[in-house]
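Trainee: I would like to learn how to read strands, ring pairs and salt bridges in a model. Can we go through one together?

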Amino acid sequence: MAVLINKKILNVEKKSGGKGHVIIEPLLSEKELNNKCDLYAQVTLEPGCSIGYHEHHGNTETYYILQGSGLYNDNGKEIGIKAGDTTYCPNGEGHSIENNSSTDNLIFMALMIKE
């Protein structure tokens, strides 16, 4: 049986010490994640906004870029990213992401899997 999930869109200011705000649209609730994942969501960074550098402990995080472009910090190494790219942050490592565009949103899927 298919179930339509009620989604609650979150607007988080200065996520992980980043700039501006982050719009997070969870696609599954805790019940559907079934204690296997911490997050499965569509994330939007408006121009000039970012998720600050942070480390993962007990989980991994993958971003799949749907729209726009920006900068991804992989353990201190900055990499340009664009639609179609995938990033992966293993357990015990760190990353950040920034929309450095002045006009376009950066939209991506975020998946955090528990280790």
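Mentor: Start with the terms for strands. Helices (H or I, at least four residues) and strands (E, at least two) are DSSP runs, numbered from the N terminus. Two strands pair if DSSP finds at least two bridges between them. Now a case: isoleucine 51 stands opposite isoleucine 97 in S9.

Trainee: What should I know about the model before going on?

Mentor: This is a predicted model: local features need pLDDT of at least 70, side-chain atom pairs count only at pLDDT 80 or more, and totals for chains, interfaces and linings use all residues. Residues are numbered from 1 along each chain as its sequence is written, and side-chain values use heavy atoms, with hydrogens and water left out.

Trainee: Which other strand is joined to S9 by 4 bridges?

Mentor: Strand S6 (residues 69-74), again antiparallel. There, aspartate 74 stands opposite histidine 95 in S9.

Trainee: What is the strand order in the open sheet?

Mentor: The order is S1-S2-S3-S10-S5-S8, 6 strands with antiparallel pairing. Strand S1 (10-13) and strand S8 (86-89) are the edges; each pairs on one side only. Neighbouring strands of this sheet are turned by 25 degrees against each other on average, direction ignored. Here axes are lines fitted to C-alpha atoms, for helices over the stretch in contact, and angles run from 0 to 180 degrees between N-to-C directions.

Trainee: How many bridges join S3 to S10?

Mentor: Strand S3 (residues 37-45) and strand S10 (residues 106-114) are joined by 8 bridges and run antiparallel. Cysteine 37 stands opposite isoleucine 113 in S10.

Trainee: How do I read an aromatic pair?

Mentor: Take the distance of the centres and the angle of the planes. Rings of Phe, Tyr and Trp (its six-membered ring) pair if their centres lie within 6.5 Å; planes under 30 degrees apart count as stacked, over 60 as edge-to-face and the rest as tilted. The structure holds 2 such pairs. Tyrosine 63 and tyrosine 72 are edge-to-face, at 6.1 Å centre to centre and 85 degrees between the planes. Tyrosine 63 and phenylalanine 108 are tilted, at 4.5 Å and 50 degrees. Tyrosine 63 lies in strand S5 (residues 59-67) and phenylalanine 108 in strand S10, so this pair ties together parts 45 residues apart in sequence.

Trainee: Is phenylalanine 108 buried or exposed?

Mentor: Buried, with a relative accessible area of 0%. Tyrosine 63 is buried at 1%, and tyrosine 72 is buried at 3%. Tyr63, Tyr72 and Phe108 form one aromatic cluster.

Trainee: How many salt bridges are there?

Mentor: The rule is a side-chain nitrogen of Lys or Arg within 4 Å of a carboxyl oxygen of Asp or Glu. The count comes to 3. Lysine 19 meets glutamate 98 at 2.7 Å, N to O. Lysine 19 sits in the loop between S1 and strand S2 (21-26), glutamate 98 in strand S9, 79 residues apart. Lysine 114 meets aspartate 38 at 3.6 Å, N to O. Lysine 114 is partly exposed at 31%, and aspartate 38 is partly exposed at 35%. Aspartate 85 pairs with lysine 82, the closest N and O atoms being 3.5 Å apart.

Key. Buried means under 20% relative accessible area, exposed over 50%, partly exposed in between (1.4 Å probe, protein chains only).
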